[in-house]
Amino acid sequence: MTDVELFTPFIIKRNCIKNLLYSGFLDADRVVIFCCDLQEKFRSSVRYFPAILENANRVLKAAALLDIPVVVTEQYPQGLGKTCTELDISESSVTFEKTQFSMWLDNVRSLFARSVDHCNRNTIVIFGIEVK
């Protein structure tokens, strides 16, 4: 199996988010989207980075159209750069800088807990670099 064949199942197809929403698998009113560490410095070291950015843009555009909140993290932006300029994160709810290898920071957990309590948003869609 080639690298491309291994990677292909993880590429978000053009209508994937729409299909997930229409199928009932995701409810746009219950989702929060997490964008993890899609930063300039990773451009040259992450395989398939252009495809990752293209797919990330699809998710971000869907989030903007459906009024889904977006949480963005940036790993040590002073050294690794800000979120890639190709990604329109202007509609994101909040961007957190971090220096640990986890997106699940205290302030992110707190924000998510508030979104569950106040808005009943209890589903996370996560994408980015080294998401586990």
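The secondary structure of this predicted model comprises 5 helices and 4 strands. Read along the sequence, these elements follow the pattern α-α-β-α-β-α-β-α-β. The chain has 132 residues, of which 37% are buried. Of the contacts with a separation of 6 or more, 73% join residues 24 or more positions apart. The accessible surface is about 8,200 Å², with 55% of that area belonging to carbon and sulfur atoms.

Let me turn to confidence. The mean pLDDT of the chain is 80, and 80% of the residues score at least 70. Among the elements, helix 4, residues 77–80, has the highest mean, 93, whereas helix 1, residues 3–7, has the lowest, 39. Over residues 1–14 the pLDDT stays under 50, and the model has 14 contacts beyond four places in sequence for that stretch. Where pLDDT is low, predicted coordinates should not be read in detail.

I shall now consider helix 5. Its 14 residues, 106–119, should span 20 Å at 1.5 Å a residue, and the 19 Å between its end C-alpha atoms agrees with this. Which residues of helix 5 are buried? They are V108, F112 and S115. Seen down the helix axis, these buried residues fall within an arc of 55°, so they line one face of helix 5. The buried residues of helix 5 pack against strand 1 (31–36), strand 2 (70–75), strand 3 (94–98) and strand 4 (123–128). On the face turned away from the buried side, helix 5 carries the exposed residues D106, D117 and H118. Just after helix 5, N120 adopts a positive phi of about 60°.

Note on methods: Residues are numbered from 1 along each chain as its sequence is written. This is a predicted model: local features need pLDDT of at least 70, side-chain atom pairs count only at pLDDT 80 or more; totals for chains, interfaces and linings use all residues. Side-chain values use heavy atoms; hydrogens and water are left out. Helices (H or I, at least four residues) and strands (E, at least two) are DSSP runs, numbered from the N terminus. Buried means under 20% relative accessible area, exposed over 50%, partly exposed in between (1.4 Å probe, protein chains only). Contact means heavy atoms within 4.5 Å. Accessible areas come from the Shrake-Rupley method with a 1.4 Å probe; for residues, only the protein chains shown count as cover. pLDDT is the predictor's confidence in each residue, from 0 to 100. The expected span of a helix is 1.5 Å times one less than its number of residues. The arc is that of the directions from the helix axis to the C-beta atoms.
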